[in-house]
Each structure stands twice: as structure tokens, then as C-alpha cells.
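Try each task before you read its solution.

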Amino acid sequence: MINTLHLQTDQEQYHLVNMAYYAKISNEEFTVSERARLMEAQSEKSVIESNNIASDEYAALKTAYKDSFTSATLQTLEGELSGLQSQYTPEMTEEEREALNTSITAKQAEIDTEKAALVPGQEAALANLNAKQAEGTEALTAEIETLNTTIANALCRVTTMLTGVDEIEMVNGDSSALEAEIKVLEESKKNYPYNPDTDKTKPSELIDIENQIQAKIKEIDAIPKVEKDNTVYWEGFYGGCKRTSYNTKGGVHTLGGTPFRKNYAGVGYIYDPVRDAFYTDQPYASWTLDESSCYWQPPTPAPEGRGWYWKEDTTEWVDYYWQEPTYDQPYPSWTYDGVNWIAPVEFPSDGPMYVWNEEEQKWDLQVL
């Protein structure tokens, strides 16, 4: 029973270390204005491009682009080629056919040369066409590029946690060099023809080649397996996901491995694509993110011992319970005691309902 329990623990530990965990992420909440402006900019750009395409100048440039694929010289050469090809007849001698083929090949080479000479003109005509379509959209194009970059680099929220296959898969090592050698050996067998149905004895050279092939196959089988990281595959498989390491905390791998993305993620965490890291929301405006651990750090370290609470309005540690207000100050005269908002006058305790009168700084009996 002891050994069984120990084996189960090892298996559990193996899965904790090797099983891959993925965080489904979305940056929508952090890019609302950017996405809205991106749609507007793309729409504005599309209108300008449509107007450009509808212009007479664009139509003329489009015709010029179409015409750039031919020339008087090319048309003449293609006509001459067609004339040569029409000269084939069943009655031609072999010498006549060979001579005609030579002429056709030479003419085709002239055509290819002329077509190559037209390419720069085609590229210039296409550039002019594209430039006309994009005319007046330069500022919008730059803005769209900036918006896309901003959205791509924006913070993301972890919305779901997924469990995938083991992040590390053992696969066969590289055998490409040996496989190439086997291919060469297989080709060399053609130098020693052998038909088992008609030949009594297999050539000794062929036997030697086959022995070499078998030896190399054994070498391939003996190649040690290597680790393959499945991260890229499974992030693409799930879509909109980033792998997270169960054993990474504060930029350190707790089991001595390689830390990955600073911290193990959880629903509600932040994924920072610039830092390629997971971390929690900023707890207080005055706290800053430690780049090495991606933990939030206060302006001053907490005093030793327990029972200290951070007070953001004075940016200090206090030895009494304090939590930041969860709702706004109800009245200007009320103060916060770390738990609740307190009126300057104690609430009456005689039973009836009262409402606060901010102007007269007193509790008034509520009229129902």
C-alpha cells in the first residue's frame, strides 16, 4: 500500500510538471476605444478608395496596366511563332521537323526576352494604379497601422483556463543525415541488376549494400528521443490562448525548471503581451510592477510581522484593519474608517428611519 501511494504521488507530480495549462485571453475590455476608431478609420479609408477607383484617372491607369502586358514587338513575335507552328505536316522529314523545332525554340526565346523586358513597365503601371487607389488615405493608413499595433500589444484578461496535453512530447531525434545516406545506397543498387526469378545468385556488391542499409536503419532506431515543445501547436489549436506554467511563481520555477511567463495564470489575471507575462490587477494606484517577478510592489515595504494593512490615501502601512472603499463617498462630510463611510453625527438608535440632511448636518426623520 505504501508503494502504491508513493507511485500515485509520483504520477500526480509528473502531470503537474508536464501537463500543459492554457489561459484563454481577450483584450476587448482594454481596447474598446481603439477598436471603435479602427472600424471608423477603415470605413473612411474604404470610402476614399471607392471614390478613387470610380475616377476617370483610375480607369485610364487601369487600361495602361492592361496594355503593359503586350507590345507591338511581342505581338509580331507571337504571330511569327504561330506561323512557324502551322508549318507542321505529317509528310515532313525528320530533318525538316528538327529544323522547324529549332526555329520555334529560337522564336520562343525571343518572345520570353520581350516579355521579360515588359516586366518593369508592368510593375510601374501597377504601382501607379495602386497609388491612385490609395491617394488621400496616407494619414488613415498610418493611423490604422498604429491602432492595429496598439491593439496587438494591449493588455488581455484571462477569461478561461484550459488543460491540454503534456507540454513536452518525446519524439524521434533527427535522422535526416542517415536517411539521406540510405537513399544514396538505394540508388546505388541500380548498378547491380538482379532478378530473383531468373538469377541464381545475388551479386555480392548488392548484398553488401543491403547490409549497409540495415545497419543504418538500426542506427536510426537507436537515436535517442528528444523533447518537443507543443506550446505553439496547442496555442493555435485552442485559439486566443497562451500557455501558462503551473510551477512558475514570481518569475521562478518552483521545481528548478525554466520559469515561463512569470506567473501561473488564473481567471481574471492580466496577460501582458509586451512583457509576455501573467500577473494580477494593480491593487493600488501607488504600487508598481516588479519586472523580474511581475508582482505588484508598494512604495514602501511592509513592516515585519503580521497585521499590517495598506492605506492608499496616505500611502502607508497601518496596524489597524483597513480596506479601500468599495463605493463612492455618499456625502462630502462623511469620512471613511477603513470599513464604512461614517456620518459626522451618529445615527439615531430610537427605531424610526432617518435620512441624512447634508445641508443642516443632521439626521431627519424619514417621511413615508
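**Exercise 1. Find which residues make up the largest nonpolar core.**

Solution. Start with the term: a nonpolar core is a set of buried Ala, Val, Leu, Ile, Met, Phe, Trp, Tyr and Cys residues joined through side-chain atoms within 4.5 Å. Buried means under 20% relative accessible area, exposed over 50%, and partly exposed in between (1.4 Å probe, protein chains only). The largest such core has ten residues: Ile270, Ala277, Tyr279, Tyr284, Trp287, Leu289, Cys294, Trp296, Trp310 and Trp317.

Before going on, note that this is a predicted model, where local features need pLDDT of at least 70, side-chain atom pairs count only at pLDDT 80 or more, and totals for chains, interfaces and linings use all residues. Residues are numbered from 1 along each chain as its sequence is written, and side-chain values use heavy atoms, with hydrogens and water left out.

**Exercise 2. List what cysteine 294 touches, not counting residues up to four places away in sequence.**

Solution. Contact means heavy atoms within 4.5 Å. By that rule, cysteine 294 touches Lys262, Asn263, Arg275, Ala277, Phe278, Tyr279 and Leu289.

**Exercise 3. Work out which face of helix 9 is buried.**

Solution. Helices are DSSP runs (H or I, at least four residues), numbered from the N terminus. In helix 9, residues 231-238, the buried ones are Thr231, Trp234 and Glu235. Down the axis they fall within an arc of 105 degrees (using directions from the helix axis to the C-beta atoms), so they line one face. The face turned away carries exposed Val232, Tyr233, Gly236 and Phe237. Just after the helix, glycine 239 has a positive phi of about 75 degrees.

Conventions:
Helix = DSSP H or I, 4+ residues; strand = E, 2+ residues; numbered from the N terminus.
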